[in-house]
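Please study the sequence and the structure shown here before reading on. The paragraphs that follow lead from the strands to the core and then to the ligand.

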Amino acid sequence: MLKGRVAIITGAGRGIGQATADLFSRQGASVVVCDIDSTPCQDTVTSILEQGGMAVPCVGDVLEDGFAQKAIDTAVKAFESGVDIIVNNAGYGGKGFVDETSDSFWGNMLDINTTAPFRLIRAVTPLMKQSAKSELEAGKTPVCRKIINVSSIAGTDGLVASAAYATSKAAIEGLTRSVAKDLGHFNICVNAVSFGLIKTRLSRPIEANKVEHVGEKVMGFPAKFLNHMVGLTPLGRVGTVEEAAGAILMLASPYADFITGQVLKVSGGL
Ligand SMILES: NC(=O)c1ccc[n+]([C@@H]2O[C@H](COP(=O)([O-])OP(=O)(O)OC[C@H]3O[C@@H](n4cnc5c(N)ncnc54)[C@H](O)[C@@H]3O)[C@@H](O)[C@H]2O)c1
């Protein structure tokens, strides 16, 4: 479904991003695998290459100045082509009631979940527009290029003790809807996927109230909270990373070429 397409996927060293890189590659895409952690980033690339796919690593923090251009330059250099698909996936959550939320944590959430995706979209837009213009000048219909942003049901519906995370994910949904209106003319579709609980290190159960932090990053949920959320989920379970990647592929595929400005909930009905 993605034969000949070039995709940049952030946070592709683990979890949903890793599964998406793998699936995109198996569907024919050449993938720029971006992650802040070099070992999982390289592992994703190695696995794709061993399966006969095309991938190149781009190690770095999506918040670094110049990261967006670095990812784009990596794609252009490695695959001698433009960029057809962006998946803004790198991110993490954090819990805390509104009166416990520090300015720095509020800022961190907006930076990683909203500002970094905005910067990558802003940087890739001239290249995607130019590709569309060249195709039009050659008398062809422009390729339907795709931008897919990863949101959360916290952003779509709100979530207890998650004001900063939920706000940052609600903001990416607003960005998605507006940019879809900016770029539709160039046959660029912009959508978001709003995930419920997907089984990754972010959603793994942790003993009662012993939430593991890496800096201010939260790497799991209290088991009690997780069980409560699963209980509220009509399908009665967490999703797999393969199911999450499948939804992203669906939006990236030609079957979704008339879908733009939408937020698709992939949450088992939650
Ligand atoms: N797992 C869930 O239940 C769930 C639910 C809703 C939304 N999400 C969203 O899905 C996305 C992926 O989460 P996941 O569950 O796969 O997490 P994960 O921790 O398994 O994977 C995220 C990857 O992003 C990378 N990353 C983090 N910060 C980065 C940075 N500054 N620069 C570059 N790379 C960075 C990490 O190193 C990691 O490899 C996030 O945006 C998250 O908010 C996850």
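**From the strands to the ligand**

Strand 1 (residues 6-10) and strand 2 (residues 30-35) run parallel and are joined by five bridges. The path of the chain from strand 1 to strand 2 passes through helix 1, and this β-α-β crossover is right-handed. A crossover is called right-handed if, with the strands pointing away from the viewer, the path from the first strand over the helix to the second runs clockwise. Helices (H or I, at least four residues) and strands (E, at least two) are DSSP runs, numbered from the N terminus. Two strands pair if DSSP finds at least two bridges between them.

The model is predicted: local features need pLDDT of at least 70 and side-chain atom pairs count only at pLDDT 80 or more, while totals for chains, interfaces and linings use all residues. Residues are numbered from 1 along each chain as its sequence is written.

Is strand 1 enclosed or exposed? Strand 1 is largely enclosed by the rest of the structure, because five of its five residues are buried. A residue is buried if 20 or more other C-beta atoms lie within 10 Å of its own, exposed if 12 or fewer, and partly exposed in between, with C-beta atoms placed from the backbone. On one side of strand 1 lie V6, I8 and T10, and on the other A7 and I9, so that both faces are covered.

Strand 1 also pairs with strand 4 in the parallel sense, over three bridges, and here I8 has I86 as its bridge partner. In strand 4 (residues 85-88), I85 and V87 point one way, I86 and N88 point the other way, and all are buried. Strand 4 in turn pairs with strand 5 in the parallel sense over four bridges, where I148 is the bridge partner of V87. Strand 4, helix 4 (residues 103-137) and strand 5 form a right-handed β-α-β unit.

On the side of strand 2, the bridge partner of I9 is V33. V33 touches I9, A12, A21, C41, T44, V45, A55, P57 and C58, leaving aside residues up to four places away in sequence; contact requires C-beta atoms, placed from the backbone, within 7 Å. V33 is also among the residues with the most contacts inside the largest nonpolar core, which has 73 residues. Helix 6 (residues 163-183) gives the most to this core, with nine residues. A nonpolar core is a set of buried Ala, Val, Leu, Ile, Met, Phe, Trp, Tyr and Cys residues joined through C-beta atoms within 7 Å. In soluble globular proteins, nonpolar side chains tend to be buried together.

L226, in helix 7 (residues 223-232), counts as partly exposed because it has 17 C-beta neighbours inside 10 Å.

Finally, 29 residues surround the ligand, and the closest are G11, R14, G15, G91 and T200; a residue counts as near if its C-beta atom, placed from the backbone, lies within 6 Å. The largest share of this shell, three residues, comes from helix 1.

Definitions and conventions:
Contact = placed C-beta atoms within 7 Å.
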